[in-house]
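Please examine the strand pairing in the following model.

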Amino acid sequence: MGKTIKFIRDQRYNIVTACAMVVGLCFMTAALIHKTELNTTTDGKRLVTVYDRGDKRVVLTHARSVRDALKEASIATAPEDTVEPGLDNQLLAEQYFVNIYRARPVIVVESNVRQKVMTAAQTASGIVASSGIAKLHDEDKALFASSENIANEGASTILTIDRATSLILNLYGKKAVVRTQAETVGDMLKEKSIDLGERGRTSVALTAPIVEGMSIRVWREGKQTISV
């Protein structure tokens, strides 16, 4: 009886081992066939997939750079467009994915100045950086809106920038340039989470309006900070 049970166990082990070997052989064969088909299909060419304004195009090419691959596929780009990877990026691997972000006109409004720029950037900071306008600070506000007069303005997107007011804040003896959207000194202190407490004092009234370049000193009665 014991020999019979051992024989059955041995047979089960052999069957499981054989099945595992067959499965492994199938995977190896499939991988080899896929590699052979890839080499046969590409014949040393590179597979470049291009994504352009929602369209997908697959190009099989011997080109050595992204620029040459797009030229071979008759895909034109403008200097303002953004291509990732870059146009001069060398194609060394067998497969690449290329994204083209097309530039479009955006009207940037700041104060009373309206400037039309061509850019592929999608964010406010990116649009500002690509147009040569002074960079945005964290306190600046940027608002996107749709143009109501595309025929005359020639752009469907309007970016309005509301710059924060900069001032010099002397906080307990330490000077720094700060920016704020607050209208009064008191609101600015709240915005910066500065609690005067009972002994806190300011050189300017809390109700005073914020003015560009103004200087405000904050100190606490009975305590001073001296920087050397």
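This is a predicted model, in which local features need pLDDT of at least 70, side-chain atom pairs count only at pLDDT 80 or more, and totals for chains, interfaces and linings use all residues. Residues are numbered from 1 along each chain as its sequence is written, and side-chain values use heavy atoms, with hydrogens and water left out.

Strand S9 covers residues 165–171; strands are DSSP runs (E, at least two residues), numbered from the N terminus. Because five of its seven residues are buried, S9 is largely enclosed by the rest of the structure; buried means under 20% relative accessible area (1.4 Å probe, protein chains only).

S9 pairs with strand S10 (residues 174–180) in the antiparallel sense over seven bridges, pairing being assigned if DSSP finds at least two bridges between two strands. Within this pair, Leu167 stands opposite Val178 in S10. Two residues lie between S9 and S10, which form a hairpin, and Tyr172 in the turn has a positive phi of about 55°. S9 is also joined to strand S12 (residues 215–220) by four bridges, and these two strands run parallel. Here Ile168 stands opposite Ser215 in S12.

An open sheet is formed by four strands in the order S2-S1-S4-S3, with mixed pairing. Its edge strands, S2 (55–61) and S3 (82–84), each pair on one side only. Strands S1 (residues 46–52) and S4 (residues 95–101) run parallel and are joined by six bridges; Asn99 in S4 is the bridge partner of Tyr51.

Finally, Arg217 lies over the face of Trp219, at 4.2 Å from the ring centre; the criterion requires NZ of Lys or CZ of Arg within 6 Å of the ring centre and within 35 degrees of the ring normal.

Definitions and conventions:
Buried means under 20% relative accessible area, exposed over 50%, partly exposed in between (1.4 Å probe, protein chains only).
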